[in-house]
Amino acid sequence: GTGRFIHVPRAASIGTFDVGNHTGAPVAVKSYAVGAFNQPTSRDVVVYRNRLYFQDEAATPPSIKVFDIANPAISTALTSIAMASVTTAGVDQLAGLAVGDGHLFSLAKTESGTAIDVYRLSTNGDGAAASGFLYRGTITIPAALARPTISGDTLYMSDNVGIIAFDWNPM
């Protein structure tokens, strides 16, 4: 979330709710129409520097969408970035998204394991425009990885027997 707001994936949208009033129910603030998800609860919605990022598997080609959420009530779509390792829409291939310290990592399931697409965000580090994203490459890991999380300069991901970690600082 962003302070007192949470962002929840739903069947064809992402809902933003104000949870700042601890004595009442959350208040719906905004709904982003984003197209159909195959499994909305499995999609990562990541907030980083007043931007909301999510993987849109239903798009052709599948993509990462970016919204400006500095003011959640009037947030706007900024850009869409085609994913490098996924080209078929509607196939349940996406396995997670992590954004931190000017980088974006997008995971996709493959026949041989997991593809991790690595992007550098624009020079101001906010992902405001597709032209500002620099595709750095794809790392293929022969394991089923999911739920990426960034802490410092380490990317953590779960696999079927535990946790795998990568130091991505050299990038």
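Start with the open sheet built from four strands, in the order β8-β9-β10-β11 with antiparallel pairing; strands here are DSSP runs of E of at least two residues, numbered from the N terminus, and two strands pair if DSSP finds at least two bridges between them. This is a predicted model, where local features need pLDDT of at least 70, side-chain atom pairs count only at pLDDT 80 or more, and totals for chains, interfaces and linings use all residues. Residues are numbered from 1 along each chain as its sequence is written, and side-chain values use heavy atoms, with hydrogens and water left out.

Select 94–100 (β8) and 134–141 (β11) next: these are the edges of the sheet, and each has a single partner strand, so one side of each lacks a neighbour in the sheet. From one strand to the next, the twist averages 15°; axes are lines fitted to C-alpha atoms, and angles run from 0 to 180 degrees between N-to-C directions.

Now move to another open sheet, made of three strands in the order β12-β13-β14, with antiparallel pairing. Select 146–151 for β12 and 162–167 for β14, the edge strands, each of which pairs on one side only. The twist in this sheet averages 25° from one strand to the next.

End at L155, where the residue standing opposite is F166 in β14.
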